[in-house]
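The following exercises are to be worked with the sequence and the model side by side. Each opens with a task and continues with a solution in steps.

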Protein chains: 2
Amino acid sequence: MGGDEAPRVVVQGALAAVAEDPHLHVILVGRREQVEPLLDGTPREALSLVDASDVVGEEARPAMRVRERPDASVLRTAQLVAEGHADAAVSVGNTGAVLASAVLALGLLPGVHRPVVAGEFPSAPGTLFGDLGANSDASARHLLEFARLAAMWHSVRYGGADPSVVLLSNGREPGKGTPRTREAARLLDLEALNFQGYCEPADVVSGRYDVVITDGYLGNLVLKTVEAVSARYAEMLFGIAGQTEEDTARLQRLGHETHRLSDFTRGPAVTVLGVNGPVLPGHGRAQADDIARLINRAKTAVVNDDCGQLRRAWSATHGGAVENRREG
Amino acid sequence: MGGDEAPRVVVQGALAAVAEDPHLHVILVGRREQVEPLLDGTPREALSLVDASDVVGEEARPAMRVRERPDASVLRTAQLVAEGHADAAVSVGNTGAVLASAVLALGLLPGVHRPVVAGEFPSAPGTLFGDLGANSDASARHLLEFARLAAMWHSVRYGGADPSVVLLSNGREPGKGTPRTREAARLLDLEALNFQGYCEPADVVSGRYDVVITDGYLGNLVLKTVEAVSARYAEMLFGIAGQTEEDTARLQRLGHETHRLSDFTRGPAVTVLGVNGPVLPGHGRAQADDIARLINRAKTAVVNDDCGQLRRAWSATHGGAVENRREG
């Protein structure tokens, strides 16, 4: 039920994904009366529908209150993973609600207080950037936790032993940043991490470091700025008439390339780190092919057991069977 | 003495500016032993030199402490304006030090507590964006003050009666933002301003609104992100070999255009609002031609009496002869 054109494009994306893979089964979660008419004629071994009458919209600020909305489709989706009915959850709805649902239904890894959304720009594959929007009021301790999770995730995915970690700031000098980033830098210096200090926005898109950490408010704004500037340049390229048809076609391709470089949904990994199960949030503007790609990425994550690997590595390091299920 | 290649490029820029205008006189402020050798043979009616032995570097965090550094070139520069020896000040040094010097030497407009740095992206002329880096810890009340100053400046420059004002956030819905932006939005709603709520980063580069307000930390990071993404795409365009020479030349021009669109130093106005005199900060990476352009923009600001117009309009509205000179 999430995203700008729900449920139509979500269903179209799911149909596209199952059409390509006979072993894939997608469970759609949402209002039966809205979703069922869109499924006409689809074989039920490929798709099923779980009815959920409540929808958490984008306008919902206290999205964290999913606990009080047991019929919300976003919460039911995460519960299907927790109950073993599904292997992974994807959603292009309200990101805050996706996270709150993931925490509530799946629980957090031992010692983790907040989940973090991390991803990679296609222009900088291998550079994990987060938080992308989960925690707009992250403290220095939260930033430290994000760094631990993201560094371990980077090692799990790429096999590198000691990923370089930097903290996003308005300058590289240690005196830059805010009191909060300076405190986070102090904590990161004490940590058994390959922490290399502050970085600037250029490093988010350059691929120079393995992990770039920031709070969710700034991360989301940087992400949206990259998208906005890319869209602007793509528009500029689309608007130029070449001297030949071939020429124009090439400028159009450059325009598409420009868009692509900023598009997180095309990057190799946007995921929620810190929860006990694979949850993949997508962009609210996602079209059907984006939804199909999101489903395929979830499938890959399940096949590779990315989430299980992170959980085992995390538990081995941060120990304990303590499981803190908490909201928000 | 400011900027990455000081004092060489600063002197070169000043020489270029005076070479083009026989009525222009530039006072260089800095270490005599470093600057004098660069002036060999320049007529002294065009250029003069004021010796200042101290230089505030980029690494200086408590740049606000210029009060304790009376020989700092950045402070002496602002004092020359305050004392009537110069009509405007330009600097590509530490922005924090430029601002602190401006406040200390020139004083603030009545009722203003902090100066704000505002500018326009060449891709969105007419959209004033600030703060670009002056106040990394701006409160909701400071954001309100920035909005008042920027809206009035917009009216002074463009003559429009009721400029539209928006507040940068991670989404347009009123529930988005942080507690601080929500409080600022509440205060702005009560104000006699054409306040239109939150905007997203796309609106900073689209030209959709007249004034976009944010705090200096976020503003600086958005500015740097725009620069970084633009540099990345320019690099992509420069890297493509065309099928003909003409073709390659055009891709190069597109690359330059991409750079240009993100370049605040080429925009029509980056200025410090809220202080009693024209102070124009520039980019630390400025080259000689950027410095010459900065000097020309200062000249235009003086000729148009931009600063005097703002002061008179501000004093008429926010009244009082109260002048609060305070540091930081």
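**Exercise 1. A loop residue**

Task: Locate A:Thr244 in chain A and decide whether A:Thr244 is buried, partly exposed or exposed.

Solution. 
Step 1. The structure is a predicted model. In it, A:Thr244 lies in the loop that links H8 and H9 of chain A.
Step 2. The relative accessible area of A:Thr244 is 44%. Buried requires under 20% and exposed over 50%, so A:Thr244 is classed as partly exposed.
Step 3. For a sense of distance, take A:Ala17, which is 227 residues away from A:Thr244 along the chain. The C-alpha atoms of the two residues are 38 Å apart.

**Exercise 2. The interface of chain A and chain B**

Task: Describe the contact between chain A and chain B by its residues, its buried area and its polar pairs.

Solution. 
Step 1. Chain A contributes 49 residues to the contact, and chain B contributes 49 residues.
Step 2. The two chains bury about 4100 Å² between them, with 63% of this area on carbon and sulfur atoms. On the side of chain A, the residues that lose the most area to chain B are A:Tyr217, A:Tyr233 and A:Arg250, which together account for 16% of what that side buries.
Step 3. The rule finds 2 salt bridges across the interface. One of them joins B:Glu200 to A:Lys224, with 3.5 Å between the closest N and O atoms. There are also 6 residue pairs in polar contact across the interface.
Step 4. Helices H6 (179–190), H7 (202–206), H8 (216–238) and H9 (245–261) of chain A each supply at least two residues to the side that touches chain B. H8(A) gives the most, with 15 residues.
Step 5. Sorted by class, this side of chain A has 19 nonpolar, 17 polar and 13 charged residues.

**Exercise 3. A buried threonine**

Task: State where A:Thr178 lies, whether A:Thr178 is buried or exposed, and which residues outside its sequence neighbourhood are in contact with A:Thr178.

Solution. 
Step 1. A:Thr178 belongs to the loop between strand E6 (164–168) and H6 of chain A.
Step 2. Its relative accessibility is 11%, and therefore A:Thr178 counts as buried.
Step 3. Once neighbours within four places in sequence are set aside, A:Thr178 is in contact with A:Tyr198 and B:Tyr217.

**Exercise 4. Salt bridges within a chain**

Solution. 
Step 1. Side chains of opposite charge can pair when their charged atoms come close.
Step 2. A:Glu183 is partly exposed at 31% relative accessibility, and A:Arg186 is partly exposed at 44%.
Step 3. B:Arg32 is partly exposed at 34%, as is B:Glu36 at 31%.
Step 4. B:Asp305 is partly exposed at 32%.
Step 5. Salt bridges with shared partners also link A:Arg172, A:Asp203 and A:Arg208 into one network. Over all chains, the structure holds 30 salt bridges.

**Exercise 5. A covered strand and a covered helix**

Task: Determine how strand E4 of chain B is covered and what the buried residues of helix H3 of chain A pack against.

Solution. 
Step 1. In a regular strand the side chains alternate between the two faces of the sheet. In strand E4 (residues 116–119) of chain B, B:Val116 and B:Ala118 on one side and B:Val117 and B:Gly119 on the other are all buried.
Step 2. E4(B) runs antiparallel to strand E9 (residues 271–273) of chain B, joined by 3 bridges; B:Val116 is opposite B:Leu273.
Step 3. E4(B) also pairs with strand E5 (residues 128–130) of chain B in the antiparallel sense, over 2 bridges. Here B:Ala118 has B:Gly130 as its bridge partner.
Step 4. In helix H3 (residues 73–82) of chain A, 8 of the 10 residues are buried, among them A:Leu75 and A:Leu80.
Step 5. The buried residues of H3(A) pack against strands E1 (26–30), E2 (47–51) and E3 (89–91) and helix H4 (95–106) of chain A.
Step 6. Just after H3(A), A:Gly84 adopts a positive phi of about 85 degrees.

Notes. Residues numbered from 1 in each chain as written. Chains lettered and ligands numbered in written order. Predicted model: local features only at pLDDT ≥ 70, side-chain atom pairs only at ≥ 80, totals over all residues. Heavy atoms only, no water. Contact = heavy atoms within 4.5 Å. Buried area = accessible area lost by both parts, 1.4 Å probe. Salt bridge = Lys/Arg side-chain N within 4 Å of Asp/Glu carboxyl O. Polar contact = N/O pair within 3.5 Å; in protein donor to acceptor, adjacent residues only side chain to side chain. Helix = DSSP H or I, 4+ residues; strand = E, 2+ residues; numbered from the N terminus. Nonpolar A, V, L, I, M, F, W, Y, C, P; charged D, E, K, R; others polar. Buried < 20%, exposed > 50% of the residue type's maximum accessible area, 1.4 Å probe, protein only. Pairing = 2+ DSSP bridges.
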